[in-house]
Amino acid sequence: MKRLSKILFALFVGASTLDVAKAEVLQTQAGNLQVAEMASGLDQPWGFGFLPNGTVLITERAGRLLSLHNGILTGVSGTPNVYAEGQGGLLDILIPNDFAQTRQVFFTYAKKQPTGAGTAVYRARLNRAGTRLERGRTIFETVPSTNTSRHFGSRIVEASDGTLFVTIGDRGDRSAAQDLSKHNGKVLRIDKNGAPIPNPAFADIPGALPEIWSFGHRNPQGAALDENGQLWMIEHGAQGGDEVNRVEKGENYGWPIISYGRHYSGATIGEGTQKEGMQQPNYYWDPSIAPSGMTFYDGAIADWQGDLFVGSLKFDYISRLSKQPLREIEVIKSPITGRIRDIRQGPNGGLWFLSIIEGSLYKISP
């Protein structure tokens, strides 16, 4: 495909001007929409977020943070040292609602630990020039360390009260997702200093970690709040069984005891698809689409109001789901929707997404 722009940049120095010559047409059920390439030349992009002034911060898995402002892409220094092995690296980014007052930015990343690696949360202050992270520190990291390089998760979402939801993969240790003394395979809730928000559902269980919000998850790589402030999450199944879950406090989502997928060997998983006391997914894909990144839409495209959008890493498309009942109602696919890692609504109502294959950030608008 002919690129709309070309960007050359050096790490942490220099800048490049983004020249978006024109928008291309994307055919959807909402009609022909415009899609423009906002940045290119990205290397394994993982997450992005919007500052109040419209600047976009983009993470790359190897550990770089990039800033896109007024069409210029530059490096931002001060990121943590990441464990960039396998599925690990610099992962998600959160621009909190109070950024204008605090200039704080939060990240999830894979952190090297004494006996392996784990998912961690990093907090730093973006300087006024937007070129450097300052006062950075790791405010939280998972236990125990795991000697694998897969299933780190991880998304970070700000709840309506300013606390943080953090999604953690099972790290390849399936049974740990059911063990409340471990962070693996959980959704956690912490404050902005990394302290736990205690969950009374587990208060009487010996050894249960207080910050666990829900458990029984495999590898959640998408999370978002709906219009009511309710947390939803998507997670990778094995061979089939990718799930969309409405995440509730204290609930068990079944992995690896129940699943709608099979192991890659073809063997069955656990005890089947249902068990008393374990939650059913609100929607699942079989075969797997390898979902990553999700957002609820309330922007400028009227036909999309309230719908859920999920990126597919495997089949190179955007899945559009309606909530009543939750079901996939459209597959949005074009040459530029290759291996979508993250998807978010922009400040002016556009739908933005990161394509790993293209190494680009795109914006869809009317």
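**Pockets, cavities and nonpolar core**

The lining of the second largest pocket comprises six nonpolar, eleven polar and six charged residues (Ala, Val, Leu, Ile, Met, Phe, Trp, Tyr, Cys and Pro count as nonpolar, Asp, Glu, Lys and Arg as charged, and the others, Gly among them, as polar). This pocket holds about 390 Å³ of space, and of its 23 lining residues, Q87, H236, Y264, A290 and L313 are the closest to its centre. The model is predicted, so that local features need pLDDT of at least 70 and side-chain atom pairs count only at pLDDT 80 or more, whereas totals for chains, interfaces and linings use all residues. Residues are numbered from 1 along each chain as its sequence is written, and side-chain values use heavy atoms, with hydrogens and water left out.

On a 1 Å grid over the protein atoms alone, a pocket is an open set of points with protein on both sides within 12 Å along at least five of seven lines, a cavity is a set where a 1.4 Å probe fits but cannot get out, and lining residues have an atom within 4 Å of a point. Grid points are joined across faces, edges and corners, and a volume is the space filled by probe spheres set on the points.

The largest pocket has a volume of about 980 Å³. It is lined by 34 residues, of which A224, L225, T295, R344 and Q345 lie closest to its centre. Strands (DSSP runs of E, at least two residues, numbered from the N terminus) that give two or more residues to this lining include β4 (45–50), β16 (220–225) and β24 (340–345). The most, four residues, come from β24. By class, the lining divides into 19 nonpolar, seven polar and eight charged residues.

Two cavities of 30 Å³ or more were counted. The largest has a volume of about 70 Å³, and its lining includes H236, Y253 and W255. The second largest cavity contains about 40 Å³ of space; strand β10 (residues 116–126) gives the most to its lining, with three residues.
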